[in-house]
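Keep the model open alongside the text.

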Amino acid sequence: MRRHLDRGVAVALVLAGGLSAAQLTPGSAGQGGGSTPGTTGTSGSSTPGTTGTTGSGQSGTGTGTTGSPTPTPTPTPSTGTPTPGAAAPQAPATSTGSTGGTTLPPGPPTIAPETVDSSTNPSGGRTVSPAPMRETAREAQQAKEGVAQVPDADAPPAKAAPLTLGQLVERARATDSRVEEASAELRKFQALYKQAKWAWFPKFEISVGAGGPVPEARNDGVGGPPTTEASYEGDWNLGKVGVTVFSSGNAVLPLYTFGKLTALEKAGAQGPILGAALRERAQDEAGFQAAQAYFSYQLARSGVQQLEEVSKRLEDAAERIAALLKEESPQVTQVDTYKVRFFRQIVEAKKAEAIQGRALALTAIGVLANAAPGAAVDVVEEELAPEAEVQPPSLERALALADQYRPEFTAIAAGIVARESEVLIRERSYFPDLGLAGFYDVRFTSSATRQRSPFAYDPYNDRTAGLGLVVRGTFDIPIKDAQLDQARAELDKLRAQEKQIRAGIRLEVAKVHGELVAAWSRARAYTDAEKSARRWVTSAFAAFDLGTGETRDLVDAFTAYAQVTGDRSKSWFDVRLGMAALARVTGTPPAPGE
């Protein structure tokens, strides 16, 4: 729809341009005019004797350097694009530059065939009415504004805002494939808990069937002798055969199980707790990897910027050395050129590595953010050094947080409760279950007489049903002993694993905390060293530029500055990543900005 409107507006503008054609004489200026003798313009191009047109259909205001300072009457606005053989519309020329506010003489008035009046003015000439031209320009402008208001389905979608650390971590914790797998496992545990909760529900066993042919079986209905020849057996006389249909069923409702059903429900309830803990662990791992990719990108990005700065300074030094060599200055030699060139190549090689690392970090961020394949992912630019002074927590505080929030502790505790319930079930399996049983059996045969006497056997038309208390159990004592020993061994094994997990987590927290503290100390030391190296570089470069310093001093200063800058960025990277790792090992997700 918008393309059709654009095409219509373009035609309207061409027609308007043809109707409002005018000539701009030398000595005037318009917004669409190019650089011509005596004229100035702001867009378009023209040659002497020709004029340009404004792209928006509005007449512009230019500055002139020549012409008569006579007052300029109000010109007629013109709209459109030039047509072959027609001059461009005239633009008002008002001097607003540094020429003292002089104005330029206007060109000939805008004349179109339908604007010429047949009447004559007092001087004997024909009068000109500019009204139709203003109306045409107004209609074209309104049509253009209408097109601008039409939504364009082909317009590119708005670019998404760059991702912050908090947004990236949140996306990774919500959409990572490992989190989805853990969520599916949680749903399975929830279903198992539902199954254990409804274990008391009776299991109805029902069978329905039909068959035939059934030989004829007729008597008096009270157990008497057969009344038809075909009812006797031992020959092939089947008589009037029929079909039989039947249905039977039974169920047992447990009334008392010596605590086995309660223990089973308690064990099943630990499943969702265990599944939620495992999902939390997967979310923590995904969030930590998202933070790792984010800080890796910031490290590579800052590395590229720093190397570009060093490369620029080396380029300035190389130009200075080349100038001194050209002047045959004794301050430098050709060897100095080789030194600077060598160091510049080393910087370029490091820069290529940093660019590759930045691209790899962006790819990892796209995967962790669950971005569409091939979609560009933007990340906010952030300095690795935090703005505020943030001290790492104490080791005791970190251990206390791990004991409180670490999901592995919740999972192992739920597992121990489930194993204890299993042991209880195995111990109570020696006792029978008391329940309420019910059954029914219904049969109908079309070729047999239904027996009305309760003492007569009737396999063809039986109708029985009943309820009763039952005691159900098995006497496989050796097998139950083995199952109980196995359940107790699994419980002891899980308790030993709990001790190992607690010791391992405490060791992991201590290790990550120590690395964070060391990285924090290195970062502060390298920050101070970088300030000194920057002053060293500035002094060495100034001395070299004045001719009082040597090239070796300059190269040494740049080498030290580049080294300490990289070490400083790496140390702050270790600090930020160490803070995220400490949040992971203590079970608390990294907060935005950490």
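In which loop does Phe-258 lie? The model is predicted, and in it Phe-258 sits in the loop between strand E4 (242-256) and H5. Its backbone deserves a look. Most residues other than glycine have a negative phi. Phe-258 has a positive one, near 60°. The residue is partly exposed, with a relative accessible area of 27%.

The loop here runs between H6 and helix H7 (395-405). With 49% relative accessibility, Asn-370 counts as partly exposed.

Now turn to the helices. Two packed helices are described by the angle between their axes and the distance between the axes. Take helix H5 (residues 260-326) and helix H8 (residues 407-428). Their axes come within 8 Å and cross at roughly 160°. Angles over 145 degrees count as roughly antiparallel, so H5 and H8 are roughly antiparallel to each other. Their crossing is left-handed.

Which residues make this contact? On the H5 side they include Leu-264, Ile-273, Leu-274, Glu-280 and Arg-281. On the H8 side, Val-417, Leu-424, Ile-425 and Arg-428 are among them. The contact of H5 with H8 comprises 13 nonpolar, three polar and seven charged residues.

Helix H6 (residues 334-368) holds Lys-351. Where does this lysine find its partners beyond its sequence neighbours? Leaving aside those within four places in sequence, Lys-351 is in contact with Val-304, Leu-307 and Glu-308. The C-alpha atoms of Lys-351 and Gly-303 are separated by 7.5 Å. Along the chain, these two residues are 48 residues apart.

The sheet comes next. Strands of a sheet pair through backbone hydrogen bonds, either parallel or antiparallel. Here, four strands form an open sheet in the order E3-E4-E5-E6, with antiparallel pairing. Strand E3 (205-214) and strand E6 (463-472) are the edge strands, and each pairs on one side only. On average, neighbouring strands of this sheet are turned by 15° against each other, direction ignored.

Look at one pair within it. Strand E5 (residues 433-445) and E6 run antiparallel, joined by 10 bridges. Ala-437 stands opposite Gly-468 in E6.

Most peptide bonds are trans. The bond joining Gly-212 and Pro-213 is cis, with omega about 0°.

Note on methods. Residues numbered from 1 in each chain as written. Predicted model: local features only at pLDDT ≥ 70, side-chain atom pairs only at ≥ 80, totals over all residues. Heavy atoms only, no water. Axes fitted to C-alpha atoms, helices over the stretch in contact; angles between N-to-C directions. Helix = DSSP H or I, 4+ residues; strand = E, 2+ residues; numbered from the N terminus. Parallel < 35°, antiparallel > 145°, perpendicular 65-115°, else oblique. Left-handed = near helix turned anticlockwise from the far one by under 90°. Contact = heavy atoms within 4.5 Å. Nonpolar A, V, L, I, M, F, W, Y, C, P; charged D, E, K, R; others polar. Pairing = 2+ DSSP bridges. Buried < 20%, exposed > 50% of the residue type's maximum accessible area, 1.4 Å probe, protein only.
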